[in-house]
Every structure is written in C-alpha cells, then in structure tokens.
Amino acid sequence: MRIEFSGALYHVTARGNERRSIFLSDDDRSRFLDTLGEVCARLSWRCHAYCQMTNHYHLLVETPEANLSRGMRQLNGVYTQYINRRHRRVGHLFQGRFSGILVQKETYLLELARYIVLNPVRARMVPAAGEWPWSSYRPTVGLAYRPEFLTTDWLLTAFCNERDLARRAFERFVADGTGQPGPWARLKNQIYLGSERFVEEMQGRIDAKQPLDEIPATQKRPVARDLAYYADRFSPRDLAIAEAYRSGAYSMREIAIHFGVSRMTVSRAVQRFETALKQEQRNGQWET
C-alpha cells in the first residue's frame, strides 16, 4: 500500500526483471536521466540524489504534491518503451512495482544521499564515489554539470551556507561513509525510515479505502502505437502531441523530434490538455 502526500520524501528503487541489466549503453543511461528530468519538471518533484547501477537504480525524491506513483509509472513506462524499441526486445524491463520507502527528511536525508552515491563503491565498481559518472555525486560537488532536476541546496546548506565550503564538507562526509553499513537496520515495517513518532504520523495518513490492486500500469498498457498514428488520428497538432505523451510510451524529446517542435512546445501542449481535462471533469462533462 502506497502512502502519498504533499511534501513526502522517498527512497525509491526499481530493479530489472530477472535481475537483468536495465542500462545497456551510456546512451540508455542518458535517456533515463532525460526522462527523469521530464517527470521532475512535470510533477514538480525535487530529486536530492540518484544513482544508476547495472540492474537497478536509486532515487531520493521529494514530492510537493501526492504523485509518486503517477510519476513512477511515467518514468518506468517511458523508459521501458524506449529500451524495447532501441534494442528490439519485448516484455517487462522492470521487476514488478518499484520500492518506495518513506523517509524522515530532517533525520535521514543526508545519510541516504551518502548511501545512494556510495553504491558503486560498495559494489566495487569504482574505488571512490567521484569516479562513477552516473550518480548525483559529481554534480553535487561541482565536478560535473548539474542537471536541472537535481536540487542540491537543501543537502549542501546542511553543512555550510557557502557553496564551495559545503561541497568540500559533503565530499568528506561521503568519504567517511565508505565501509559503513546502510541505514536499513533502522527500517520499520519495511516502508518507514524515521522515528517512532514519524511512523505513527505516517500510519495515520493511510487511506483505509485505498485499493489493494497494485499491478503496475506499465504492465496493463497495450503495445504502443507509432507516433505517426497520433499525428494522423488527432487534430489539432497540440492534441496529437498530448495524446502521444499520455500513451506513456514516448518521452517529450522523442515527441518533439517527430512533430518538429521544441520540447517546451510539447510540455505546454500536455499541460494545456491536462488543465482542460481537469476543468471538464470538475464541470461534470466527462469522466476518465
């Protein structure tokens, strides 16, 4: 059962089906980050840390709105469709639903951010966190470009208000964590990482009427149609763009390339469509 509310912080993991790799090339890793960025922008997520491994990934995300499941469906769904098209494969890429642990921000955000970027070191893939290019460590400490979706201010100001000093302090903090156990011995009920009071507050948010059917939406979707279908089937163009994106099969970049527009044009078309849909739902004109 998922607990979703405004301002929640989650440690999220998703693993490859049958423990298989979910990243087959550096291009795949870049595309995943592009898709994550689109989800963060669209749903106002704050990503504090991330790490791509071989057959799984880690995210530390904060949701200003109660929309974790919605965003994860989009992230994993779009990425799965991309992998299947690019590598001419079929079937599920991910093993069931993602894992989401509710985290007490003030107590565990720093420790989890360190745990996440140290994953490649623990797996003996690299000797130090700074040598793994597919985590948030290098952008956080200023060794690489920081993607727009990655927020570092809360993390760094926990050490110092001066950015350069804070970055050096975070480097030391991460280095000191090498070889230390993760926080999972303090995990409660398999889904909470926080104090007893925090757990009680989270359990009080559970909706007893929430359905138990948690079959991933990505596994319920039919095989995606070609983008040409949406261009021919829907008019005007913005409606075709919005319907293509709502299919969950294509990233904004792929849609922008096909329709010959900018990614911002795609984003605006999707936002206008969803705003109109919500308004008509409020007016009782249709249901979805």
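## A first stop at Arg86

Is Arg86 buried, partly exposed or exposed? Arg86 is partly exposed, its relative accessible area being 43%. Keep in mind as you explore that this is a predicted model.

## The protein as a whole

Let us step back for a moment. The protein has 288 residues, and buried ones make up 48% of them. Its secondary structure consists of 13 helices and five strands.

The accessible surface comes to about 15,100 Å², and carbon and sulfur atoms hold 47% of it. Now consider the contacts between residues with a separation of 6 or more: 70% of these involve residues 24 or more positions apart.

## More salt bridges

How many salt bridges does the structure hold? There are 16. Side chains of opposite charge can pair when their charged atoms come close.

One of them brings together the side chains of Glu111 and Arg186, at 2.7 Å from N to O. This pair links distant parts of the chain, 75 residues apart: Glu111 sits in helix 3 (residues 105–117), while Arg186 is in the loop between helix 7 (163–177) and strand 5 (192–193). Arg186 is partly exposed, with a relative accessible area of 36%.

Another salt bridge joins Glu201 and Arg197, whose closest N and O atoms are 3.5 Å apart. Here both residues belong to helix 8 (residues 196–203), and the four residues of separation amount to about one turn of the helix. Glu201 is partly exposed at 42% relative accessible area, and Arg197 counts as exposed at 62% relative accessibility. Elsewhere, salt bridges with shared partners join Asp27, Asp28 and Arg86 into one network.

Next, look at strand 3 (residues 56–63). Eight of its eight residues are buried, so the strand is largely enclosed by the rest of the structure. In a regular strand the side chains alternate between the two faces of the sheet. In strand 3, His56, His58, Leu60 and Glu62 point one way, while Tyr57, Leu59, Val61 and Thr63 point the other way; all are buried.

Which strands pair with strand 3? Strand 1 (residues 8–15) pairs with strand 3 in the antiparallel sense over eight bridges, and Val12 stands opposite Leu59. Strand 2 (residues 46–52) also runs antiparallel to strand 3, joined to it by six bridges. Within that pairing, Cys47 stands opposite Val61. Strands 2 and 3 form a hairpin, with three residues between them.

To finish, find Ala231 in helix 10 (residues 227–233). Ala231 counts as partly exposed, at 35% relative accessibility.

What does Ala231 touch beyond its neighbours within four places in sequence? With those neighbours left aside, Ala231 is in contact with Ala240, His258 and Phe259. As for Glu243, it is twelve residues from Ala231 in sequence, and the two C-alpha atoms are 9.4 Å apart in space.

Note on methods. Residues numbered from 1 in each chain as written. Predicted model: local features only at pLDDT ≥ 70, side-chain atom pairs only at ≥ 80, totals over all residues. Heavy atoms only, no water. Salt bridge = Lys/Arg side-chain N within 4 Å of Asp/Glu carboxyl O. Buried < 20%, exposed > 50% of the residue type's maximum accessible area, 1.4 Å probe, protein only. Helix = DSSP H or I, 4+ residues; strand = E, 2+ residues; numbered from the N terminus. Contact = heavy atoms within 4.5 Å. Areas by Shrake-Rupley, 256 points an atom, 1.4 Å probe, with all protein chains shown as cover. Pairing = 2+ DSSP bridges.
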